[in-house]
Amino acid sequence: MKVTEHIAQAKDTLISFEILPPLKGKSIESIYDHLDPLMAFKPAFINVTYHRSEHMFKKRSDGTFEKVEIRKRPGTVAICAAVMNHYNVDAVPHLICGGFSREETENALIDLNFLGVDNVLVLRGDAPKNEPSFEPEPHGHRYAEELLHQVVNMNNGMYLEEDLQGGVKTKFCIGVAGYPEKHFEAPNLATDMSYLKRKVENGADYIITQMFFDNQKFFDFVKKCREMGITVPIIPGLKPMTTRKQLTVLPRAFHVDIPNDLATEILKCKTDKDVELVGTEWLIQQSKELKEFGVPVLHYYTLGKPEVIRKVVEAVV
Ligand code: FAD
């Protein structure tokens with residue numbers, strides 16, 4: 001079922017989770033171990049992130065270096081199929097522009113369609129580590145908007161081969177990313193939001209946001225979206241703070257602010273266990289307020305912390 005159908009049929013705020021594929025070499029059981037404690041909350045859907053390959057330099061025996069390509073977390077499409085099969089829940093694979101040609105994207109979409117996956121979250125992806133800026137693949141997409149076009153075309157039965165007639169029309173429900181605190185490359189929030197509006201005008205069915213720790217930022221973002229005529233559902237992306245290190249890591253990696261009250265409480269903590277307690281309580285309060293505000297879904301980035309998310313959701317539903 002599509003994410004938008006779940007939202008349309010819901011009588012209360014829905015819950016959804018986001019997981020990462022395990023590191024290469026681990027089994028699918030690690031995904032089930034991660035999700036098992038969360039399935040009692042009957043998530044409407046589960047997102048599975050996509051991770052592009054990275055370039056590494058491997059030392060040869062003669063002392064010179066060889067550039068190799070390594071994908072540390074493969075398996076997004078297969079995990080979606082496994083999760084749908086194992087739990088009878090909808091899966092939302094993330095699809096990125098980075099590292100994909102249009103042909104590879106088309107093949108991935110065909111696989112997803114054959115597997116009965118009804119949803120995709122289309123994203124640009126970031127530059128690979130050690131590379132200064134995002135560059136599309138030859139014959140790839142530069143912006144999420146272009147990838148979105150390709151999915152919309154397939155939903156209209158249009159494939160890359162122009163002479164392919166009567167191609168099956170896929171029915172993907174398409175999500176896109178939004179940034180309450182602005183995407184880090186955008187010159188300002190208004191410009192960033194004008195591109196978000198274009199993604200919606202070109203066929204995005206809903207928006208999932210980057211994580212944020214100050215609900216007011218989300219409320220302001222929703223207000224601005226509505227004023228601009230963006231009417232699709234806006235789903236908040238939520239993550240708990242669990243370590244002191246995240247006070248500097250999260251702003252650097254995700255370009256989000258940590259509110260002063262939260263930072264002050266975390267700085268008082270002696271151990272990361274204490275930080276986890278503070279972060280859990282903060283996320284419970286954030287979730288309750290967002291529920292009260294009327295968000296359609298509370299979407300939790302579980303990121304290796306299913307037990308924290310379990311405590312949060314238990315306190316909120
Ligand atoms: P875009 O919408 O393409 O925007 C990128 C930048 O370009 C922005 O600054 C925007 O303002 C600007 N822009 C957009 N369109 C245009 C245009 N037409 N012309 C000029 N400028 C334009 N990354 C992964 O690698 N894998 C994942 O699984 C993943 N999951 C994510 C899930 C969520 C909910 C979020 C919020 C992010 C996720 N990311 C993931 C990270 C994401 O790929 C990065 O934030 C990336 O830098 C931007 O992706 P986007 O889809 O927002 O890009």
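Predicted model: local features only at pLDDT ≥ 70, side-chain atom pairs only at ≥ 80, totals over all residues.
By class, the lining of the second largest pocket holds 9 nonpolar, 8 polar and 8 charged residues.

## Helix H6 against helix H7

Two packed helices are described by the angle between their axes and the distance between the axes. For helix H6 (residues 189–201) and helix H7, the angle is about 60 degrees and the axes lie 11 Å apart. H6 and H7 are therefore oblique to each other, and their crossing is right-handed.

On the H6 side, the contact is made by Leu-189, Met-193 and Leu-196. H7 contributes Phe-221, Lys-224 and Cys-225. The contact of H6 with H7 has 5 nonpolar residues and 1 charged residue, with no polar ones.

## Helix H7 against helix H10

Helix H7 (residues 215–227) also packs with H10, at an angle of about 25 degrees and with the axes 10 Å apart. Angles under 35 degrees count as roughly parallel, and H7 and H10 are therefore roughly parallel to each other. H7 and H10 cross in a right-handed manner.

The H7 residues in this contact are Asn-215, Phe-218, Phe-219 and Val-222. They meet Gln-286, Glu-289, Leu-290 and Phe-293 of H10. Sorted by class, the contact of H7 with H10 comprises 5 nonpolar, 2 polar and 1 charged residues.

## Helix H10 against helix H11

Helix H10 (residues 272–293) packs with helix H11 (residues 306–316) at an angle of about 40 degrees, and the two axes are 9 Å apart. That angle makes H10 oblique to H11. The crossing of H10 past H11 is right-handed.

From H10, the residues in contact are Glu-276, Thr-280, Leu-283, Ile-284, Ser-287, Lys-288 and Lys-291. From H11, they are Val-308, Ile-309, Lys-311, Val-312, Ala-315 and Val-316. The contact of H10 with H11 divides into 7 nonpolar, 2 polar and 4 charged residues.

- H6 with H7: oblique, with a right-handed crossing.
- H7 with H10: roughly parallel, with a right-handed crossing.
- H10 with H11: oblique, with a right-handed crossing.

Key: Residues numbered from 1 in each chain as written. Heavy atoms only, no water. Nonpolar A, V, L, I, M, F, W, Y, C, P; charged D, E, K, R; others polar. Axes fitted to C-alpha atoms, helices over the stretch in contact; angles between N-to-C directions. Helix = DSSP H or I, 4+ residues; strand = E, 2+ residues; numbered from the N terminus. Parallel < 35°, antiparallel > 145°, perpendicular 65-115°, else oblique. Left-handed = near helix turned anticlockwise from the far one by under 90°. Contact = heavy atoms within 4.5 Å.
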